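Work through the exercises below with the structure in view. Try each task before reading its solution.

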Amino acid sequence: MKKIHPAGFNPVSAPDFLPLERLQNLQLQRLQDMVQRAYDHVPLFRQRMQERDLQPADVRTLADVTKLPFTVKTDLRDTYPFGLFASPMRDIVRLHASTGTTGKPIVVAYTKEDIGVWANVMMRSFAACGLHSGDVIQNAYGYGLFTGGLGAHYGGEALGATVIPISGGNTQRQLMVMKDFGSTAICCTPSYFLHIIEQAPELGVNLKELPLRVGVFGAEPWTETMRRRIEAESGLKAYDIYGLSEIIGPGVAMECECQAGPHIFEDWFFPEIIDLKTGKPVADGEEGELVLTTLGKQAMPMIRYRTRDITALTTERCECGRTLRRIQRIGRRSDDMFIIRGVNVYPSQIETALLKVEGTLPHYQIILTRDKGLDEVEVQVEVTREVFGDTVGVLEQLQRRLCQSVETLTGLRVNLRMVQPQTIQRSEGKAKRVIDQRKM
Ligand code: DLL
């Protein structure tokens, strides 16, 4: 018999509320074990420690973490496929891989215990946004080498919810299942959910009439404006979930019902924010690159992994009472920045500028080209059918407003093209916002 807890009470969230001192003691003990494990079993890590004249015993306090060497994405590529494993293959029960932008994927490994930790943080993620046993979770993250599908799956089951392992794609079937099986929660990328919203009326489904009440959205950057649009159009509450394969997959951080930025599951992942250029810690609340250390990963410990994700860490207590610190929603990565005529731009800035203007749809693409050595940027954005039906004068006015909005926010003059709804290619997973044709 399934035990259904009353709304508002979720005992699985208890570790999120540990008194700070207990949390920090736990972190230190786990950090010390992790450093010892990596030192004993990962040659690259041992070599870097020795170059710095460091021994695992030199980690005496949590602050000593800053003495340790960083790990970066190329370390995973250079040791492809199994060079950073700290467990023998017989103890590894699962492999996942993440396709990078270039060449070989990076491979990540899990022992049975690691899978347990992952299920635990995903279960707590679901609990944090108000899900319980009795909820029906439609899991539309891709199953396979991508961590989204199986990560959410095990967490949902651990919670005691009913998981529908539908995976990504086939929007018609997603909507049918959502309606017929009475899904109360959906997990997918925010861009894919926008696609579902768009298809629903065409397939005769009114999302607002369904029992669906929670969306667990992540795996790609999305903005606050996007959240508001999703919520207004679907009637559900949209929560931001963050994670990355190198650390575990989804479930590194998750928003609570206050929707005030994801809480990091600090009992398993130790966060730091560093200055992009100097690598030194920034002051509390300041933006920088998120660096994460796993505190319990057996198969593949990650020490001071530079995520390239830009955010800030806040110690300000959340209204929910969790002691876990929060990160600011991750809007950009240091490596998705593009430079046009000397101006640094992030796709999320363009998204914010476009969605500020009424008449736009949350589907856009940025195309970079080079003509006679000069960089050009074209921004394509879909606008509503009503707008398209308007007079040329109205359309021109909207176009000017959009250009202005982008210029105000980014300092960049762009060629702006308004396109009909459904013109820009939809994705079932992570959306591709920038098409850089300059190197071709
Ligand atoms: O995307 C894991 C995941 C699956 C997270 C499902 C959330 C939900 P990777 O494919 O390794 O893993 O990509 C990790 O995606 O470093 C961020 O740049 C980006 N990312 C993930 N979640 C968010 C988010 C999964 N909520 C990379 N907001 C990360 C912004 C995100 N970016």
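This is a predicted model: local features need pLDDT of at least 70, side-chain atom pairs count only at pLDDT 80 or more; totals for chains, interfaces and linings use all residues.

Residues are numbered from 1 along each chain as its sequence is written, and side-chain values use heavy atoms, with hydrogens and water left out.

**Exercise 1.** Find the buried residues of helix 6 and say what they pack against.

*Solution.* 
1. Locate helix 6 at residues 171-180. Helices (H or I, at least four residues) and strands (E, at least two) are DSSP runs, numbered from the N terminus.
2. Pick out Thr 171, Gln 174, Leu 175, Val 177 and Met 178, which are buried. Buried means under 20% relative accessible area, exposed over 50%, partly exposed in between (1.4 Å probe, protein chains only).
3. Look down the axis: the buried residues fall within an arc of 165°, so they line one face of helix 6. The arc is taken over directions from the helix axis to the C-beta atoms.
4. Turn to the face away from the buried side: exposed Gln 172 and Asp 180 sit there.
5. List the partners of the buried residues: strand 3 (136-139), strand 4 (162-164), strand 5 (185-188) and helix 7 (190-202). Contact means heavy atoms within 4.5 Å.

**Exercise 2.** Which strands pair with strand 8, and in which sense?

*Solution.* 
1. Start with strand 8, residues 249-254: six of its six residues are buried.
2. Strand 7 (residues 237-244) runs antiparallel to strand 8, joined by four bridges. Pairing requires at least two DSSP bridges.
3. Leu 244 faces Gly 249 across this pair.
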